[in-house]
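Open the model in your viewer and keep the selection panel at hand. The tour goes stop by stop.

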Amino acid sequence: MKSIIVGGGKLGFNLLKILRQRGYDATLIELDEGKCRRIAEETGADVICGDGTELEVLNDAGIIEADIIAAVTGKDENNLVVCEIAQSIFHIKSIARINNPKNTDMFRKLGVERTVCSTQVIANLIEYEFEGGNCRFIQAFDRGNMILVEISPVSNNGFEEHLVKDLDLPAECTVASIIRNNEVIYPKADTVIKKDDCIYLVTNHANYLAIRKNLHKGGRFNEKHKK
Amino acid sequence: MYVIIVGCGRLGCTLAKELSDADYDVSVIDSDARKLDMLGSGFNGLRVKGIEFDVDILKEAGAEQADCVVCATPDDNINITAALVAKKIFNTPQIVARINEPKKKAIYDSLEIETINPTEISAFILKSRIEENRR
């Protein structure tokens, strides 16, 4: 696997270090000579000094043999052009960093599907931390379209002593796993939820917010059965 | 005929005034308000300050009705991005971009963006002037 990183800022530099630690062949392209020298000295990696949106520079970096290119400069227009070049000229996979969350939609409309917007990711994480209570966001998949959520402990949520199949959860939500006394349980429809269980749900952003709201009210399940 | 000019440098500004004087509907986008001031009080087109390739900014400049978008900033990547947004999001009938770094022509070509290369044109004109003098 050979990868090319365009942009030698903090993200590009650390990406290069991690990829090399994991044994991948990675080349970095950066415009600033001073940064290039520092990165080359510190990592011992191949660093190309030049504009990563120029064909000559990309060829020098070995784009012909590369499997993937990561565009992680601080400017969205540069990252977009790198991805457009990778797709239309070299037909290799690309991944773009998006600096301004507002541009995410534009990247998608222009055919750049694999993007990461760290600003958005961090903002979501902060939002999840704020009002979490015992419901906590763990991990995002598919660039945030699917998320893993932890409810711990389940006591006082109205979940305990109920079968998994009886839990009143939104349709777009699945109980993925249960941790009980440090043991992993793979839940089936007839698994009973216990008081100190920690349960993991796979869902999406909208349903996560809905579940969290219901937990604050003592659980939708509880309310229904009180009536 | 409605023309949007992206980038109000010497080229964009001159073109905007020319087109406006010739009774075209013109709007000009630049992220630098001082550049837009270069258009002067005589310019009666629309001035929009903002990120040149931003979808909302282009919309504000009238990209949904525009017959032509000219990308004339001094940054090739901004020109390419703005041209792609005009082409793929607004389906603008005619798009012309200015090439700054002649090496990047191949990139514009592969993305099917029509270009002009002022450096090449100036060099060509200068060369023919020099040749004229030699005769």
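Which residue in strand 8 of chain A is the bridge partner of A:Phe137? Select A:Val149: that is the partner. Keep in mind that this is a predicted model.

**Stop 1: the sheet in chain A**

Strands of a sheet pair through backbone hydrogen bonds, in either a parallel or an antiparallel way.

Five strands of chain A make an open sheet, ordered 7-8-11-9-10, and the pairing is antiparallel. Ignoring direction, neighbouring strands here are turned by 25° against each other on average.

**Stop 2: two domains**

Colour chain A by domain. Domain 1 covers 2-116, and domain 2 covers 122-226.

**Stop 3: A:Gly7**

Go to A:Gly7, in the loop between strand 1 (2-6) and helix 1 (10-21) of chain A. Is A:Gly7 buried or exposed? A:Gly7 is buried, because 25 other C-beta atoms lie within 10 Å, and 20 or more is the cut-off for that class.

Select the contacts next. Leaving out residues up to four places away in sequence, A:Gly7 touches A:Gly12, A:Glu30, A:Ala71, A:Val72 and A:Thr73. Then draw a distance from A:Gly7 to A:Ile138. These residues are 131 residues apart along the chain, and their C-alpha atoms are separated by 29 Å.

**Stop 4: where the chains meet**

Show both chains. The contact takes 15 residues from chain A and 16 residues from chain B. On the chain B side, pick helix 4 (76-88) and helix 5 (105-110), the elements that give two or more residues. Helix 4 of chain B has the largest share, seven residues. Colour that side by class: ten residues are nonpolar, three polar and three charged.

**Stop 5: chain B as a whole**

Chain B has six helices and six strands. Along the sequence they run β-α-β-α-β-α-β-α-β-α-β-α. The radius of gyration of chain B is 15 Å, close to the 14 Å that the globule rule gives for 135 residues, so chain B is as compact as a globular protein of that length. Its C-alpha trace spans about 55 × 40 × 25 Å along the principal axes.

Finish by colouring chain B by burial. Buried residues make up 38% of its 135 residues.

Definitions and conventions
Residues numbered from 1 in each chain as written. Chains lettered and ligands numbered in written order. Predicted model: local features only at pLDDT ≥ 70, side-chain atom pairs only at ≥ 80, totals over all residues. Pairing = 2+ DSSP bridges. Helix = DSSP H or I, 4+ residues; strand = E, 2+ residues; numbered from the N terminus. Axes fitted to C-alpha atoms, helices over the stretch in contact; angles between N-to-C directions. Contact = placed C-beta atoms within 7 Å. Nonpolar A, V, L, I, M, F, W, Y, C, P; charged D, E, K, R; others polar. Domains from an automatic or database assignment. Buried ≥ 20, exposed ≤ 12 C-beta atoms within 10 Å, placed from the backbone. Rg over C-alpha atoms; globule rule 2.2 N^0.38 Å.
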